[in-house]
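Please examine the sequence and the model before reading on.

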Amino acid sequence: MYNLDCAPSFGGSALNRVLVWSLFVVTLAFVPPLCLGILRKTKARLQNRIGSPIWQPFLDLTKLFQKDETLSGTMCGVFRISTVVGLSSALTLSWLIPWVAIKPWSHQADIFVVIYVLALAKMFTMLGAMDAGSPFGAFGASREATLNFLVEPAICLALIALAITCNSTDLTVIFASTPGAGMSVVWLLVGVAVFLASLVELSRMPVDDPTTHLELTMVHEAMILEASAKNLFLLELTQVLKMAMFWGLSAQCFLHTIPAYARCNLLEKELCSVAGIFLLAFLVGVLEGLIVKLQWRKIPEFVAYIMTVSLIAVFVAVSGKSIL
């Protein structure tokens, strides 16, 4: 039997490293699409519909990959590059960010590097949307830039609150630590802030309605209207990967507030992490079944709430460190 407890430090055998990489790849391949499937199924059941099975995203991605694409005549190649850069950024972040308990070794996952990689992916997505020459693409890119400008400081502040408690900006070091006395409330606040920020980053309700057919109300969907086949496959895959990473990071924050979690072995932590991601997907499905999309001018107020939670987390972290 392999000792998974030695996996984070990678001081174990090559067989342990192969096992950890295998578990990580399986998690990366199955958890993100299942997240979207659970969300859609929950939303459908709340609307008294049977809904598609939770594995439908796998079938949708396979179908998109097999289709022939149709490209706008105005595209100059930026659109193709943007989809590749977006997926590459998402895969890099999935390797850097400790969104699950079992993760292969990675070089320092500094908070600011993670924020810059997120911004890079956003920038290429917006460039790709404008490359198609569609007015809706430019319209969606403009809104996406505004949302990103508003929510990025809130995410950065939330993660800095954790950095203050652990005296490190390396996410691997932060999430490998155990919250000290009185610091659990910081982890709880950061978990709430990251979860609410994920609704903005992923263009979910109440910020955006991914199922709307009204182009003038779209944000993310307006940017990918011109995408088809393999390009759309890359965009959809990038989106589900980001979904799992954000909710995994939020779930990790919530799990760190439970004292018993620190006493679990690595395999138990991995199961708790995956269960936490699926639980947040279920929660988003419930929210999207009960609430409506906010008016555009109300969204800054929603982001202000996230910023407030992040600022409170920083204040509590600084106060706690001063007392200790």
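In which helix is E270 found? E270 lies in helix α11, which spans residues 266–290. The model is a predicted one. E270 is buried but forms no salt bridge; the nearest side chain of opposite charge belongs to K269, 10 Å away. Leaving aside neighbours within four places in sequence, E270 is in contact with T27, V100, A101 and I102.

In general, nonpolar side chains tend to be buried together in soluble globular proteins. The largest nonpolar core in this model has 82 residues, of which W99, L171, I174, V190 and W247 touch the most other members. Helix α9 (residues 229–255) supplies the largest share of this core, 14 residues. Apart from this core lies another, of six residues, including V20, A101, L255 and L266.

W247 deserves a separate description. With neighbours within four places in sequence left aside, the contacts of W247 include C35, L39, F195 and S198. Also among them are L202, I277, L280, A281 and V284.

The cysteines remain to be considered. A disulfide is a covalent bond between the sulfur atoms of two cysteines. The structure contains zero disulfides. C156, accordingly, is in no disulfide. The table lists two cysteines.

| Cysteine | Closest cysteine sulfur | Distance | Relative accessibility |
|---|---|---|---|
| C156 | C253 | 14 Å | 15% |
| C253 | C166 | 10 Å | 1% |

Because the sulfur of C253 is 10 Å from that of C166, the two are too far apart for a bond. C156 counts as buried, and C253 is buried as well.

Terms used: Residues numbered from 1 in each chain as written. Predicted model: local features only at pLDDT ≥ 70, side-chain atom pairs only at ≥ 80, totals over all residues. Heavy atoms only, no water. Disulfide = S-S within 2.5 Å. Buried < 20%, exposed > 50% of the residue type's maximum accessible area, 1.4 Å probe, protein only. Core = buried A, V, L, I, M, F, W, Y, C linked by side-chain atoms within 4.5 Å. Helix = DSSP H or I, 4+ residues; strand = E, 2+ residues; numbered from the N terminus. Contact = heavy atoms within 4.5 Å. Lys, Arg positive; Asp, Glu negative; His and termini not counted. Salt bridge = Lys/Arg side-chain N within 4 Å of Asp/Glu carboxyl O.
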